[in-house]
Amino acid sequence: MFVLIGNSGSNHNYIGLTLVNRQPQDNLAYHNQGTHGDVNVVDISNMSHDRIDHVIKNDDPLFMFCFASKWNADLYTLFKRFGINVIQIIIDSHRECMLINWQEKLRINAMDDTDRIFSKEWEQQQRQSWSPYTKFPIERERLWSGPTNSMTMSS
Amino acid sequence: MEWTYKLYDNEFIDVKQSLLCDQYFSFGSMYESINDAVKEFDKFGIRYNGQRYEKWRQSQKLIFDSWQAINNNFDDPGPLKHDYQKGMAIALRGMSESLTPTQCWKQYEQLLKVKS
């Protein structure tokens with residue numbers, strides 16, 4: 001078992017499943033075979049330490065996932081107490097592909113309603129934020145890390 | 001456009017390397033080549049091969065096609081199909097010319113219009 005640190009668009013489900021020797025079924029997005037699916041891959045980004053402790057002791061997940069914006073020293077200490085390996089998907093090169101992944105997999109070709117609703121909300125935020133300043137609010141889209149996960153958008 | 005600029009800011013939380021980790025998996029290896037991806041999984045003791053990479057790459061055809069379209073249209077992003085592609089195209093061009101996001105927007109906003 002390990003914890004994978006990543007972001008939306010970082011291919012973390014495909015990479016994580018491959019790292020546990022699963023061969024995911026070919027698809028544009030792998031959310032449904034990982035963190036959004038019924039396999040035991042657990043997103044701990046918004047969990048309390050007690051809940052994470054419970055998951056580690058009782059649920060035997062294939063792997064766990066945490067958004068980079070949520071990762072901190074306390075979580076690292078918690079996982080090291082259990083001797084669990086921590087792997088970060090480092091966004092080293094071709095960074096724009098992470099954004100293309102987000103746009104195509106969550107917005108334009110979303111595979112389920114969860115993703116679709118999330119990206120619709122984001123699009124509305126962008127339009128509200130930028131419309132007073134430009135005729136191209138989506139082209140000028142911006143983000144910063146927010147309180148819920150790394151893809152929270154704000155103006 | 002702003003988002004693309006943020007992704008190339010090394011201090012941005014989504015791309016900053018955390019020291020609170022034991023190992024790192026290179027995101028870029030998946031987009032670089034078969035060999036890079038195979039080597040990356042090999043670091044973790046996983047036998048990943050060209051066949052598996054090609055299957056993954058085929059599943060990601062939309063992503064690779066979009067990436068190529070953006071890279072091919074820096075000079076004329078107007079005809080690109082999606083709004084995000086246009087924003088990314090001017091951002092990548094602006095960064096290659098060392099423009100700030102504000103300078104980039106001022107200089108290339110007009111390219112977003114589709115020529116009639």
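**View 1. The buried side of helix H3 in chain B.** In this predicted model, H3(B) has three buried residues to look for: Ala37(B), Glu40(B) and Phe41(B). They take up an arc of only 95 degrees around the axis, so they sit on the same side of H3(B). What lies over the buried residues of H3(B)? The cover includes H1 of chain A, along with E1, helix H2 (29-32) and H4 of chain B.

**View 2. Phe44(B) in its loop.** Phe44(B) belongs to the loop between helix H3 (34-42) and helix H4 (50-59) of chain B. Is Phe44(B) buried, exposed or partly exposed? With 15 other C-beta atoms within 10 Å, Phe44(B) comes out as partly exposed, because buried takes 20 or more such atoms and exposed takes 12 or fewer. If you spot Ser18(B) too, Phe44(B) is 26 residues away from Ser18(B) in sequence and 19 Å away in space, going from C-alpha to C-alpha.

**View 3. Helix H5 of chain B, face by face.** H5(B) runs over residues 61-72, which makes 12 residues. From its first C-alpha to its last, H5(B) reaches 16 Å, close to the 16 Å expected at 1.5 Å a residue. Its buried residues are Ile63(B), Ser66(B), Trp67(B) and Ile70(B). Look down the axis of H5(B) and these buried residues fall within an arc of 100 degrees, so they line one face of the helix. Here's the general idea behind that: an α-helix has 3.6 residues a turn, so residues three or four places apart point the same way. Turned away from the buried side of H5(B) are the exposed residues Lys61(B), Asp65(B), Gln68(B) and Asn72(B). The cover over the buried residues of H5(B) includes H4 of chain A and helix H6 (83-96) of chain B.

**View 4. Strand E1 of chain A and its partners.** E1(A) covers residues 2-6, and four of its five residues are buried, so the strand is largely enclosed by the rest of the structure. E1(A) pairs with E4(A) in the parallel sense over four bridges, and Leu4(A) has Ile87(A) as its bridge partner in E4(A). E1(A) also pairs with strand E3 (residues 63-67) of chain A, again parallel and over four bridges. In that pairing, Val3(A) stands opposite Met64(A).

**View 5. Ile5(A) in the largest nonpolar core.** This core has 57 residues, and Ile5(A) and Cys66(A) touch the most other members. Which residues does Ile5(A) contact, leaving aside its neighbours within four places in sequence? In chain A they are Cys66(A), Ala68(A), Trp71(A), Val86(A), Ile87(A), Gln88(A) and Ile89(A), while Ser18(B) and Cys21(B) come from chain B.

**View 6. Where chain A meets chain B.** Here 47 residues of chain A are in contact with 47 residues of chain B. On the chain A side, helix H1 (12-19), helix H3 (73-81), strand E4 (85-90) and helix H4 (96-108) each supply at least two residues. H4(A) gives the most, with nine residues. Sort the residues on this side of chain A by type and you get 22 nonpolar, 16 polar and nine charged. Strands pair across the two chains as well: E4(A) and strand E1 (residues 23-26) of chain B run parallel over four bridges. Ile90(A) stands opposite Ser26(B) in E1(B).

Note on methods. Residues are numbered from 1 along each chain as its sequence is written. Chains are lettered from A and ligands numbered from 1 in the order in which they are written. This is a predicted model: local features need pLDDT of at least 70, side-chain atom pairs count only at pLDDT 80 or more; totals for chains, interfaces and linings use all residues. Two residues are in contact if their C-beta atoms, placed from the backbone, lie within 7 Å. Ala, Val, Leu, Ile, Met, Phe, Trp, Tyr, Cys and Pro count as nonpolar, Asp, Glu, Lys and Arg as charged, and the others, Gly among them, as polar. Two strands pair if DSSP finds at least two bridges between them. The expected span of a helix is 1.5 Å times one less than its number of residues. The arc is that of the directions from the helix axis to the C-beta atoms. A nonpolar core is a set of buried Ala, Val, Leu, Ile, Met, Phe, Trp, Tyr and Cys residues joined through C-beta atoms within 7 Å.
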